[in-house]
Amino acid sequence: MKRTLTSVLVASAMLTLAAAPAMAVTDKEIEMDAKTPGDVLSWGIGTQGQRYSPLAKVNTSTIKDLVPVWSFSFGGEKMRGQESQPVIYKGKMFVTGSYSRLFALDAKTGKKLWQYEHRLPDGIMPCCDVVNRGAALYGNLVIFATLDAQLVALDQDSGKVVWKEKIDEYSAGYSASAAPIIAKGMLLTGVSGGEFGVLGRVEARDPMTGKLIWVRPTVEGHMGTKNGQDNGITGTTNATWPGDMWKSGGAATWLGGSYDPETGLAYFGTGNPAPWNSHTRPGDNLYSCSTVAIDVTTGKIVWHFQGTPHDGWDYDGVNEFVTYKTKDGKHLGGKADRNGFFYVLDAKTGKFQRGFPFVKKITWATGLDSNGRPIYDPANRPGDPAKSADGKKGTSVFAVPSFLGGKNQMPMAYSQDTGLFYVPANEWGMDIHNEPTTYKKGAAYLGAGFTIKTIDDSYIGALRAIDPATGKIVWEIKNNAPLWGGVLATKGNLVFWGTPEGFLKAADAKTGKEVWSFQTGTGIVAPPVTWEQDGEQYIGVASGWGGAVPLWGGDVAKKVSFMNQGGSMWVFKLHKSK
Amino acid sequence: MAFIRTILVIFSTFAFYCTPALAAVGDDPLGSPMWTELRDRYLGNNAKVVFDSRVKVTGPKVAEDSMNVPVGIRIEGLDDIKRVLVIADLNPIIKVLEFSPRGATPALHFRMKLQQGSPVRALVQTGDGLWHAGGIWIDASGGGCTAPSVGRSAPDWTSTLGQVQAKVWETPQQSRVKLNIMHPMDTGLAPGIPAFYIERLSLQDETGREWMLLETFEPVSENPVFSFDFPGRTPPGLRLVGRDSGGNRIDAKVGQEVAQ
């Protein structure tokens, strides 16, 4: 007699030791997160994702006294890319580590309170290192996604697992690394696995129990559900996909999303259509390489904007859509797309306002038309392998940006003071060619070969201050290695960002003058945060070299191969003489 | 008779008047150096404890396999049993399991890991608050808790995780259910392997009534085997319901097969 175990919710009543929750993060607190510097409740420091803090005690004149307070090692042998943004509530910091680990720390002292190590099967298939980007807080729970495509909710105080839900089968190529977000009392998550032909989707759950509320697939033709009932097909079947190709169409929502309470819309970026070989799927391939705006109440797509229709270069459109208000009251959103263009859209309607390159060189398109649609350069799309002599390899082209993108997973920041976006950008290209491929469950579904190349020996990365109103690059700070960490902007006229060379840096937000740096001992590929506790402003960042660059970097290796791995959390504050 | 019956009632204040070592030797029939400390830790400072031969613990004199030491607990002639704690004094993780027979016979057979020779005790609390202690020494060559599980190295452990095999022996007078649950039960003490173990198991009948509640910890053996006894036939529609430390759920029908 055998029964297979499934991972499902466990009612909190079953926990014999469940004490009355001393902490309880509310919807209201999450909506106000960006304005309340005593905590950091969401990925993005507020679900809008601006990564802007009103704290100003650390500013351009005081920053010379910014010194480390504590450092905490994630330990073990699992020193891989640390891309996590910590969340902080009532003096407790929750930070995730590589290999689906979660640490609860005293935010002031760095003392470990508990740690959870998710039991991972050997067969997980993360494409781009064993990273995790952070946790969500709700009620007395801290919730994060794991590399075997599960969601785990733990008690903030005890570290005990309260519920666990499976998103999908890891053996079919699914994984999950993005930080969940909370919107209107729901837990919103995406999926990873675009290289395996998974079905991209956004899911909403009850954060206290893990119970599924709605599912919205991000590939046309697939049925959405709400409360277990059909909730309408995404798009129109076969409108932009030929034959059955949409069934394994990718469009993975692997970087999660943002949410603006004012519009009631959740904005999720979607990845590449599968396979990479675009000749197998003529059409725009909706809703791949797009931002989809989903009404969180209905679970339906309200609008979408596709940066790279009929993608042939792996220009995932997963990049975060950050909403903001202009001085004249317009409610807009900005997105620095992997394809090298920065888009400004209306937050409510998705209407294209303007678009412009935020990298110096783009070859796959010659520009954007009045609707923001790219004007392709057909010479720079990899050739159809079916038209080659032996049918096995299409013409190779050199395309810029590389598939690692003008910007990748590292989130930008928006300063409410300067009105500028601070974008961690990279300048690089790739040789890419297409090959025939067919879908097989759980196997890589690419149909492409590639090598990333540098295009300027002096630098790849550049932190750029970009005016969304004009498209002007106001200032930039170049970096030898590709930038892979996110950015934080503060009222102290500062922007903070980390480099693979291991430095956490700060610059004057207006002038771009570098004013501070600290060597953390290993590369930084995570976004910094700031919060206030007992009257002092703290800055924190996870440090630990890894991510997609060392795995896929090709010729970039010469700029990064000397870097050492690590895994730790660093926290700083202003030095005070006693 | 293995123990001298009902030696002493120990109050917490008593411990202040004599050294722990002396108290251990004097009070504990097993002569364990850990006893007074463990008594205070697991039963509370004011717990009243008697060593009671009605609490019977059986096991090998020497553990042949430190990873799978068979242990039996049987309580005879004690009424109103609230809970039964099983501890191994000298194990790196001391608490093995805890159970409450809620209609099932107050008995349990299982397999556990022993890191070294140790007392293995059952501590039984009755409705009057009194604790009744029984136990034995089991010698072991060591290493049971710090070795990696076999399941850890099996690449397909997720496909069998939580599977339950059950066998029932039944007569009108008494019945036994023997269960085997697939689980690595990693202790967290082997380098690089986090703790991962079944936390809770419950035997429930078709109405949801609970007949036996079991909380388990890291020292329970990999792919645990448990035997539960019932007075009379097994309750109708018996199920095993539980979960592990990672939130994986166990749910299996166990009471259908009838043998003999």
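Which residues have the most contacts inside the largest nonpolar core? I began my notebook with this, and I noted that the model is a predicted one, in which local features need pLDDT of at least 70, side-chain atom pairs count only at pLDDT 80 or more, and totals for chains, interfaces and linings use all residues. Residues are numbered from 1 along each chain as its sequence is written, while chains are lettered from A and ligands numbered from 1 in the order in which they are written.

**Entry: the cores**

I found that the largest nonpolar core has 165 residues, and that Ala135(A), Ile143(A), Ala266(A), Tyr422(A) and Val495(A) have the most contacts inside it. By such a core I mean a set of buried Ala, Val, Leu, Ile, Met, Phe, Trp, Tyr and Cys residues joined through C-beta atoms within 7 Å. A residue counts as buried if 20 or more other C-beta atoms lie within 10 Å of its own, as exposed if 12 or fewer do, and as partly exposed in between, with C-beta atoms placed from the backbone. I then looked up Ala266(A), which, leaving aside its neighbours within four places in sequence, is in contact (C-beta atoms, placed from the backbone, within 7 Å) with residues including Leu188(A), Val202(A) and Ile294(A). A second, separate core of 63 residues includes Phe51(B), Val71(B), Val124(B) and Leu161(B).

**Entry: strand β13 of chain A**

Two strands pair if DSSP finds at least two bridges between them. β13(A) pairs in the antiparallel sense with β12(A) (residues 186-189) over three bridges, and with β14(A) (residues 212-217) over five bridges. I followed Glu203(A), whose bridge partners are Thr189(A) and, in β14(A), Val215(A). β13(A) and β14(A) form a hairpin with six residues between them, and Gly210(A) in the turn has a positive phi of about 85°.

**Entry: helix α3 of chain B**

In α3(B) (residues 35-43) I noted that Trp35(B), Thr36(B), Leu38(B) and Arg39(B) are buried. Seen down the helix axis, the buried residues of α3(B) fall within an arc of 165° (taken from the directions from the axis to the C-beta atoms), so they line one face of the helix.

Terms used. Helices (H or I, at least four residues) and strands (E, at least two) are DSSP runs, numbered from the N terminus. Two residues are in contact if their C-beta atoms, placed from the backbone, lie within 7 Å.
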